[in-house]
Amino acid sequence: MASTDKAARRAKFEGAWNGIRDELLDHFKSCGMPQEAQEWYAKNLDYNVPGGKLNRGMSVVDSSEILLGRKLTDEEYLQAAVLGWGVELLQAFFLVSDDLMDSSITRRGQPCWYRVPKIGFIAMNDSFMLEAAIYRLLKVHFKKESYYVDLLELFHEVTYQTEMGQLIDLITAPENDVDLNRFSLKKHSLIVIYKTAFYSFYLPVALAMLFCGIPTSYTLPSSPEPIAPYEVAKNILIPLGEYFQVQDDFLDFSGVPAQIGKVGTDIVDNKCSWCINTALAYATSEQRKILDENYGVKPTEAEKELAKKMAAGKNGEEQGYLGEAENRVKKVFEEIGLREKYAVYEEGVFKSLNEMINNIDEGAPGQQGVLKRQIFTSFLGKIYRRQK
């Protein structure tokens, strides 16, 4: 039943995109852009924006309904969907440019946009256009709203924060320049918070709060001090986003392709992940030497061929065998007890987040204009002990 409901919610959200996309293309055409450019822009939008999980964008709609305590009207739904698709456009902007910077090969099961024939480095301008589309939509749909400037500032600030995180990531862990001395759990935390948590977790909820008229401060009879709801939300959502990324890092090491839907590559790609940083914090000198010599080492051609043969022998499924260097790193991870350390981390962060959520004062039953615990419990419920 739940999966059917989620499918229906997604279908409705995707339906809203069709109108939003047409609106962007109509404006583009009205500027006198030639047919070739119109077709290019349409392909850019279609290829890069709607293909993901859409969790970020749909969270704006879901959070809005929780805050209002009811289903949205058709007019409200469109506005919330515009904000949600604004988050998805921001995500697309980041991914198109990030793939170019990282020389990535595939994204969402298809070639990265810059690798599509005739695209190449024009992908940089295409990424800028995806970002600019956000502000075109905000102007059309929210210019008359009292919180219009707040929306602009929120998108701009979160974009800047994400770009800060991207910079730290790029200079800390370049794929072909391995130096584990650059790594640390503190650095990992900064990268995760700035590159992922702000735009993936805080942004959708803060947009819903602005849309639903949640003020920057309010008082309740049960609370002696004024409540700053956006700070309360941030203080929960940023560590929640960090937890989500740590999970991703751990699943890249511990999960198999049939479970997580991909072959884990963080080790061979020299990623500044939670796993390597935790291992570095506990490694003996001998284990550190193994990590230094094997982390970020690409498999040989012979190992790649062996991986293909192994996959062919398993009904074509990828088995995640990427070479002896990776296996040596994974062995150190096991020796250090990474699985046990992750389990302790997960239980600790789950307890901490629940305590913060339970401390949210919702005022009187059904009270409007205040923060609701359900926003955060729904996020945490989807994440806790996830396996993919």
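This is a short tour of a predicted model, stop by stop.

Residue numbers start at 1 in each chain and follow the sequence as written, and side-chain values rest on heavy atoms, with hydrogens and water left out. Because the model is predicted, local features need pLDDT of at least 70 and side-chain atom pairs count only at pLDDT 80 or more, while totals for chains, interfaces and linings use all residues.

**Stop 1: two backbone angles**

Select L54, in the loop between α2 (35-48) and α3 (55-68). Helices here are DSSP runs of H or I with at least four residues, strands are runs of E with at least two, and both are numbered from the N terminus. The phi of L54 is near 65 degrees, a positive value in a residue that is not glycine. Most residues other than glycine have a negative phi. Is L54 buried or exposed? Its relative accessible area is 2%, so L54 is buried. (Buried means under 20% relative accessible area, exposed over 50%, and partly exposed in between, with a 1.4 Å probe and protein chains only.)

Go on to N270, in the loop between α9 (257-260) and α10 (274-282). N270 is not a glycine either, and its phi is positive, about 60 degrees. N270 is buried, because its relative accessibility is 0%.

**Stop 2: aromatic rings**

The whole structure holds 20 aromatic pairs. Rings of Phe, Tyr and Trp (for Trp, the six-membered ring) pair if their centres lie within 6.5 Å; planes under 30 degrees apart count as stacked, over 60 as edge-to-face, and the rest as tilted.

Select Y47 and W113. Their ring centres are 5.1 Å apart and their planes stand at 50 degrees, so this pair is tilted. Y47 belongs to helix α2, and W113 to the loop between β2 (110-111) and α5 (122-142); the pair links distant parts of the chain, 66 residues apart. Y47 is buried at 19% relative accessibility, and W113 is buried at 3%.

Next, select F142 and Y147. With centres 6.1 Å apart and planes at 55 degrees, this pair is also tilted. F142 has a relative accessible area of 0% and is buried; Y147, at 11%, is buried too.

Then select Y243, F250, F253, W274, F333, Y342 and Y345, which form one aromatic cluster.

**Stop 3: charges over rings**

Select K12 and Y77. The charged end of K12 sits over the ring of Y77, 4.2 Å from the ring centre. (A charge sits over a ring if NZ of Lys or CZ of Arg is within 6 Å of the ring centre and within 35 degrees of the ring normal.) Now select K341, which lies over the face of Y282 at 4.3 Å from the ring centre.

**Stop 4: an annotated segment**

Select residues 192-211. An unreviewed UniProt entry annotates these residues as "transmembrane region"; such annotations may be inferred rather than shown by experiment. In the model, residues 192-211 are 100% helix and 0% strand, and the end C-alpha atoms are 27 Å apart.

**Stop 5: what lines the second largest pocket?**

Select D150, E153, L154, E157, V158, Q161, Y202, L210, T216, Y230, E231 and K234, the residues of its lining. The elements that give two or more residues to this lining are α6 (148-172), α7 (185-211) and α8 (229-254). Among the contributors, α6 gives the most, with six residues.

Conventions
On a 1 Å grid over the protein atoms alone, a cavity is a set of points where a 1.4 Å probe fits but cannot get out, and a pocket is an open set with protein on both sides within 12 Å along at least five of seven lines; lining residues have an atom within 4 Å of a point.
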